[in-house]
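Biologist: Before we discuss packing, could you bring up the model, so that each term can be set against its definition?

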Amino acid sequence: MNKTHETNRDGVQTTPQVVLIVDDQVEQAELVCTILLRQGYEVYGAHTFYNAVQCVNSVKPDLAVIDIFLDDGRLGAELLVELRCFYPNLIVLFTSGIGEGKELDAALSYPRTAFIKKPYRIAAFAETVKQ
């Protein structure tokens, strides 16, 4: 199946097709993967900072959905910096059960980032990814 990317009038890709999910909670990551697979996205998962960095070149994501707090002691914003070394235009959607704090502020200080608080409604999550 050939997937095409929608672009805006400036030629910038606007619709993510390949999504990397990074969440240390396996059940949460599986739920997100299922939601996005049903929406027609190509989805890959990683549960640690290290796994995400290892797989990014083979996955070549358009969008990364990253938990703010990873269980290996790293922060989602740190992962964003590392992934953008490979893909400077990567769009990142951060998620967390905590809707405020310096970690979230730091993560959202980067361009092409957004946030959705857990728990989220499936329809709201799917719409946020689509945007």
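Biologist: What makes a residue a contact of Val22, leaving aside its neighbours within four places in sequence?

Modeller: Contact means heavy atoms within 4.5 Å, and by that rule Val22 is in contact with Ala46, Thr48, Ala52, Val65, Ile66, Asp67, Leu70 and Leu79. This is a predicted model, in which local features need pLDDT of at least 70 and side-chain atom pairs count only at pLDDT 80 or more, while totals for chains, interfaces and linings use all residues. Residues are numbered from 1 along each chain as its sequence is written, and side-chain values use heavy atoms, with hydrogens and water left out.

Biologist: Which residues touch the most other members of the largest nonpolar core, and what makes a set of residues such a core?

Modeller: A nonpolar core is a set of buried Ala, Val, Leu, Ile, Met, Phe, Trp, Tyr and Cys residues joined through side-chain atoms within 4.5 Å, where buried means under 20% relative accessible area with a 1.4 Å probe, protein chains only. Of its 24 residues, Leu20, Val22, Ile66, Leu79, Leu83, Val92 and Phe94 touch the most other members. Helix 2 gives the most to this core, with six residues, helices being DSSP runs of H or I with at least four residues, numbered from the N terminus.

Biologist: Why do you say that the buried residues of helix 3 line one face?

Modeller: Gly76, Ala77, Leu79, Leu80, Leu83 and Arg84 are buried in helix 3. Seen down the helix axis, these buried residues fall within an arc of 150 degrees, so they line one face; the arc is that of the directions from the helix axis to the C-beta atoms.

Conventions. Buried means under 20% relative accessible area, exposed over 50%, partly exposed in between (1.4 Å probe, protein chains only). Helices (H or I, at least four residues) and strands (E, at least two) are DSSP runs, numbered from the N terminus.
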